[in-house]
Amino acid sequence: MPNYDYAFQNYDQTRHVRASLREKQISHKHAREVAKSIMGLSVEKARDYLNDVIAKKRAVAFRRYKIQVGHRSDPGMMAGRYPEKSATEFIKLLDNLEANAEYKGLDPDRLRIINATVHKGMIIKRFTPRAMGRTTAKNNVLTHVELVAAER
């Protein structure tokens, strides 16, 4: 099992709490946009927002990976989508973050997400057989997600 470090610098053990997902099969592009959208929110607001994304009531704004992405009717939003798979994984990560905060003696109701980082992980390489004895690469990029929260 590899030993992973966190990307967040200046981590203070008394004020900050962190949680991470490693090697998950979610889109790193969707995960990046979800991470940007919940940055700065409290844990409860982030959970409500992600539940609305799963229910397709609110969209996640796509700011970087927005080519050929349709517009949504949410106020102030141009390109957006409803990344359900990424949102469910982020909800599990928020639950883990709250449990870590309770373990450290921090108040989970006063937590605010101060850092959300997404990195590409390992690539699973596979091949799809094609006609005439050829093959086409079918690569799966796994994703690392890190959340850091602090008490307000």
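Trainee: Where do Glu44 and Arg47 lie?
Mentor: Both are in helix H2, three residues apart, about one turn of the helix. Keep in mind that this is a predicted model.
Trainee: And what do their side chains do?
Mentor: The side chains of Glu44 and Arg47 meet in a salt bridge, 3.2 Å from N to O. An α-helix has 3.6 residues a turn, so residues three or four places apart point the same way.
Trainee: Is Arg47 buried or exposed?
Mentor: Arg47 is buried, because its relative accessible area is 13%, under the 20% cut-off. Glu44 is partly exposed, at 37%.
Trainee: Which residues are linked with them in a network?
Mentor: Asp95 and Glu98 join Glu44 and Arg47 in a network of salt bridges.
Trainee: Back to the helix. Which residues of H2 are buried?
Mentor: Val43, Ala46, Arg47, Tyr49, Leu50 and Val53. They cover an arc of only 165° around the axis, so they sit on the same side of H2.
Trainee: What covers them?
Mentor: The cover includes helices H1 and H3, plus strands E2 and E4.
Trainee: What comes just after H2?
Mentor: Lys56 does, with a positive phi of about 60°.
Trainee: New topic. How many salt bridges are there?
Mentor: The count comes to nine. One of them pairs Lys24 with Glu89, with the closest N and O atoms 3.8 Å apart. That pair links distant parts of the chain: Lys24 is in strand E1 and Glu89 in helix H3, 65 residues apart.
Trainee: How accessible is each partner?
Mentor: Lys24 is partly exposed at 29%, while Glu89 is buried at 11%.

How values were computed. Residues are numbered from 1 along each chain as its sequence is written. This is a predicted model: local features need pLDDT of at least 70, side-chain atom pairs count only at pLDDT 80 or more; totals for chains, interfaces and linings use all residues. Side-chain values use heavy atoms; hydrogens and water are left out. Buried means under 20% relative accessible area, exposed over 50%, partly exposed in between (1.4 Å probe, protein chains only). Helices (H or I, at least four residues) and strands (E, at least two) are DSSP runs, numbered from the N terminus. The arc is that of the directions from the helix axis to the C-beta atoms. Contact means heavy atoms within 4.5 Å. A salt bridge is a side-chain nitrogen of Lys or Arg within 4 Å of a carboxyl oxygen of Asp or Glu.
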